[in-house]
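Here's a quick tour of a few local features, for someone who likes to have the coordinates open while reading. Could you keep the viewer at hand?

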Amino acid sequence: GFSWTLPDHPKLPKGKPVAVVVLDGWGEANADQYNCIHVAQTPVMDSLKNVITGAPEKWRLVKAHGTAVGLPSDDDMGNSEVGHNALGAGRIFAQGAKLVDQALASGKIYEGDGFNYIKESFENGTLHLIGLLSDGGVHSRLDQLQLLLKGASERGAKRIRVHILTDGRDVLDGSSVGFVETLENDLSQLREKGIDAQIASGGGRMYVTMDRYENDWDVVKRGWDAQVLGEAPYKFKSALEAVKTLRAEPKANDQYLPPFVIVDDSGKAVGPVLDGDAVVTINFRADRMVMLAKALEYADFDKFDRVRVPKIRYAGMLQYDGELKLPSRYLVSPPEIERTSGEYLVKNGIRTFACRQATVKRLNRINSHFLFHETVKFGHVTFFWNGNRSGYFDETKEEYIEVPSDSGITFNVAPKMKALEIAEKARDALLSGKFDQVRVNLPNGDMVGHTGDIEATVVACKAADEAVKIILDAVEQVGGIYLVTADHGNAEDMVKRNKAGKPLLDKNGGIQILTSHTLQPVPVAIGGPGLHPGVKFRTDIQTPGLANVAATVMNLHGFEAPADYEPTLIEVADN
Ligand code: 3PG
Ligand code: CO
């Protein structure tokens, strides 16, 4: 029968503190001027790679994109959700993007409880689709929206309103115009078939709706006002006009467009959400939809004044939070990521300490899991790591600490972010001697990389490297072990390239800045005084990916991994 008990590793000891460091957006790529990690002073990460500190077997690359992390194809870049899912779960699960593709292709999406539920509104109400409009494939995909529009209209939706969020983060800045054109074209074809279909509102994803981890509810409120109440500071006759006009403002970009509503000739919003309507949030990825899902679903809600709470039928593209069961209705079942490494380790008696806020109570618990990251990445080494599950497996053994982010700024203004603070907390946790695992996410390479500001990203990479040093120094002091890796690439390539790898120029001769993630592999480095001297990377695993890390970490804690986990990256030579 099934047992949570992990077998002892035959050769590796227990009781060594393990620091697991996830550098966000830190891939390996050719060294050139657009590789910010290369340009930046990163002596610590360089030393791990050049293995000044250890045997040559202790640094290697693993895949962090495409099928290695459960995405539909190897053309899909990695992202934090799928990357941390794989790191924590130790297996490759078909991810939201792929599950939605399959459900749409088979038509099963239209047979499920979720679709049948919203369908009841089609006769007398409007179907509202809210989500990110791009082909980035990280949170949503345009082609899935197109198929859903077609499928819903063929199944009785007579009045459809789309509430768009422009991207520019997972795709090139400025691409919003083309996506709006494509969508407008589809909607006009639906209108020719007698369906009243229109874009009703919009805004840039980072300023409207798609906040995460309860960082800034104002972002969600701006969206609510436009989408649900039909109120926004900008009013336009068409979404194309809206996006073109708002982008023409100085410093405007797709990520941060202000909220707008589309109005009819009499100036009235064309698509507020009303009693009896259906709403689908079309993103498959959870983190940036959870807050809106709460606003749409919860009767008791005090995060902002919703003003008017329409009686709607609401479904998510997926269920976004398996622990909260949020939303309760959804079109496609999420991947069932269970038996994650975090749950196993807690259940194997590892003492755990965690603390939600560094300044408040519960500071004196014995603990082994000590988790740090900035608010904007809060859920990455917890929620994503634990299989899109909020909360603790065992509250008496875990506490998750948060270092608050600067809010209200874009991270190119403060590219060091809170890397130092995160590292210091991790250091203190290690030095306290109470923790078996200290797990951190250092967000700089990713969060600053997404701004497209190359100079700032160089500063960001240096700051992340300095943070790694603080943590590795503490590992050294306590005789522990480190495993340093990344969830996906970003900062190592900041320019859009052609197939031959040459930077692409825009029409003014400037380079096309790549704000998105990449397809690059990421490093895994292990070491530290607590590492058994016989440990080295196996050579018999051909193309390992992030999912191979979980078994590796379990080994470093002195356990064998469960049999169905992807194999460990390490072996232990006899000495
Ligand atoms: C975001 O949500 O910020 C980006 O779309 C993806 O970035 P992440 O996967 O690194 O969070
Ligand atoms: Co990112």
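What follows goes through some helices, their packing, a strand residue and a few backbone details.

## Ground rules

This is a predicted model, so to speak of local features a pLDDT of at least 70 is needed, side-chain atom pairs count only at pLDDT 80 or more, and totals for chains, interfaces and linings use all residues. Residues are numbered from 1 along each chain as its sequence is written, while chains are lettered from A and ligands numbered from 1 in the order in which they are written.

Helices (H or I, at least four residues) and strands (E, at least two) are DSSP runs, numbered from the N terminus.

Helix 7 covers residues 176-192, 17 residues in total, and its first and last C-alpha atoms are 24 Å apart, close to the 24 Å expected at 1.5 Å a residue. That expected span is 1.5 Å times one less than the number of residues. Its buried residues are Ser176, Phe179, Val180, Leu183 and Leu187. They sit on the same side of helix 7, because they cover an arc of only 95 degrees around the axis. The arc is taken over the directions from the helix axis to the C-beta atoms. Buried here means 20 or more other C-beta atoms within 10 Å of the residue's own, exposed means 12 or fewer, and partly exposed is in between, with C-beta atoms placed from the backbone.

As a reminder, an α-helix has 3.6 residues a turn, so residues three or four places apart point the same way. On the face of helix 7 turned away from the buried side you'll find the exposed residues Asn185, Ser188 and Glu192. The buried residues pack against strand 3 (127-133), helix 6 (142-154), strand 4 (159-166), strand 5 (196-204) and helix 9 (239-247). Contact means that two C-beta atoms, placed from the backbone, lie within 7 Å. Just past the end of helix 7, Gly194 has a positive phi of about 90 degrees.

## Helix 6 against helix 7

How do the axes of helix 6 and helix 7 cross, and within what distance do they come? They cross at roughly 10 degrees and come within 11 Å. The two helices are therefore roughly parallel to each other. On the helix 6 side the contact uses Leu142, Gln146, Leu149 and Ser153, and on the helix 7 side Phe179, Thr182, Asp186 and Leu190. By class, that gives 4 nonpolar, 3 polar and 1 charged residues.

Axes are lines fitted to C-alpha atoms, for helices over the stretch in contact, with angles from 0 to 180 degrees between N-to-C directions. Angles under 35 degrees count as roughly parallel, over 145 as roughly antiparallel, 65 to 115 as roughly perpendicular and the rest as oblique. For the classes, Ala, Val, Leu, Ile, Met, Phe, Trp, Tyr, Cys and Pro are nonpolar, Asp, Glu, Lys and Arg are charged, and the others, Gly among them, are polar.

## Helix 15 and its partners

Helix 13 (residues 419-431) packs on helix 15 (residues 454-478) at an angle of about 5 degrees, the axes being 9 Å apart. This pair is therefore roughly parallel too. Among the residues that meet are Leu420, Ala423 and Leu430 of helix 13 and Ala467, Ile470 and Ala474 of helix 15. The contact divides into 15 nonpolar, 1 polar and 3 charged residues.

Helix 2 meets helix 15 quite another way: the axes come within 7 Å and cross at roughly 65 degrees. Helix 2 and helix 15 are therefore roughly perpendicular.

In helix 2 (residues 43-50), the buried residues include Val44, Met45 and Leu48. Their arc around the axis is only 95 degrees, which puts them on the same side of helix 2. They pack against strand 2 (59-62), helix 15, strand 14 (481-486) and strand 15.

Val522 belongs to strand 15 (residues 522-527) and is buried, with 28 other C-beta atoms within 10 Å. Its C-alpha is 7.3 Å from that of Asp487, 35 residues away along the chain. Beyond its neighbours within four places in sequence, Val522 has contacts including Trp26, Leu61, Val62 and His488.

Thr209, in the loop between strand 5 and helix 8 (217-229), has a positive phi near 75 degrees although it isn't glycine. Thr209 counts as buried, with 31 C-beta neighbours inside 10 Å. Met417 has a positive phi near 50 degrees and lies in the loop between strand 12 (398-400) and helix 13. Met417 is buried as well, with 24 C-beta neighbours inside 10 Å.

Finally, the peptide bond from Leu326 to Pro327 is cis, with omega near -15 degrees. Pro327 is in the loop between strand 9 (313-318) and strand 10 (330-332).
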